[in-house]
Amino acid sequence: MEQKRPRQAYLTRRETESTGEIVEVAAVAAPKLLAVLFDVRPKSKAFVRRRLTTRDGEPTEVVSLWLPLELSEGTDLTSGVPLRQGFREYLQARKGARFDHIVEQITAPMPSADEV
């Protein structure tokens with residue numbers, strides 16, 4: 001049985017259910033770590049979809065979804081329009097893709113003296 005994980009919501013929740021905007025949809029050179037995870041040559045193209053989420057009109061986080069390029073081809077992921085279904089459900093319906101595993105990386109800058 002699959003256990004719920006806090007960030008799993010990004011894969012299951014509709015983008016239309018939360019506030020924010022799509023700020024990037026692009027085929028870009030995969031960073032080194034991503035190339036290793038996707039088992040592709042360094043600097044191979046990968047697809048990234050970034051969404052800036054907001055709360056009370058203030059930015060709260062940027063969520064980046066990386067996929068092998070072929071999973072994004074021929075889909076609405078490249079349109080920049082918020083999805084009406086979760087990524088997992090969307091990719092399974094459009095591409096027959098099933099997630100084997102997910103790697104999550106959370107980063108944050110150190111707060112400045114004014115932010116403490």
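How many bridges join S2 to strand S3 (residues 58-68)? In the predicted model described here, 10 bridges join these two strands, which run antiparallel. Local features in this predicted model need pLDDT of at least 70 and side-chain atom pairs count only at pLDDT 80 or more, whereas totals for chains, interfaces and linings use all residues. Residues are numbered from 1 along each chain as its sequence is written, and side-chain values use heavy atoms, with hydrogens and water left out.

Helices (H or I, at least four residues) and strands (E, at least two) are DSSP runs numbered from the N terminus; two strands are taken as paired if DSSP finds at least two bridges between them. Strands of a sheet pair through backbone hydrogen bonds, either parallel or antiparallel. The sheet in this model is open and has three strands in the order S1-S2-S3, with antiparallel pairing. S1 and S3 stand at its edges, each with a single partner strand, so one side of each is left without a neighbour in the sheet. Direction ignored, neighbouring strands of the sheet are turned by 20 degrees against each other on average; the strand axes behind this value are lines fitted to C-alpha atoms, and angles between N-to-C directions run from 0 to 180 degrees.

Strand S1 (residues 20-29) is joined to strand S2 (residues 45-55) by nine bridges, and these strands run antiparallel. Within this pairing, Gly 20 has Thr 53 of S2 as its bridge partner, and Val 25 has Arg 49 of S2. On the S3 side, Val 48 stands opposite Trp 66.

S2 and S3 form a hairpin with two residues between them. Asp 56, in the loop between S2 and S3, has a positive phi of about 55 degrees although it is not a glycine. Asp 56 is exposed, with a relative accessible area of 76%, where exposed means over 50%, buried under 20% and partly exposed in between (1.4 Å probe, protein chains only). A positive phi, near 55 degrees, is also found in Asp 39, which lies in the loop between H2 and S2. Asp 39 is exposed as well, with a relative accessible area of 71%.

Helix H2 (residues 32-38) contains Leu 33. Leu 33, Leu 37 and Val 103 make a nonpolar surface patch of about 270 Å². Such patches consist of residues with over 30% relative accessible area and no salt bridge, with nonpolar side chains (Val, Leu, Ile, Met, Phe, Trp, Tyr) joined within 5 Å and like charges within 9 Å. A salt bridge is a side-chain nitrogen of Lys or Arg within 4 Å of a carboxyl oxygen of Asp or Glu. Accessible areas come from the Shrake-Rupley method with a 1.4 Å probe, and for residues only the protein chains shown count as cover.
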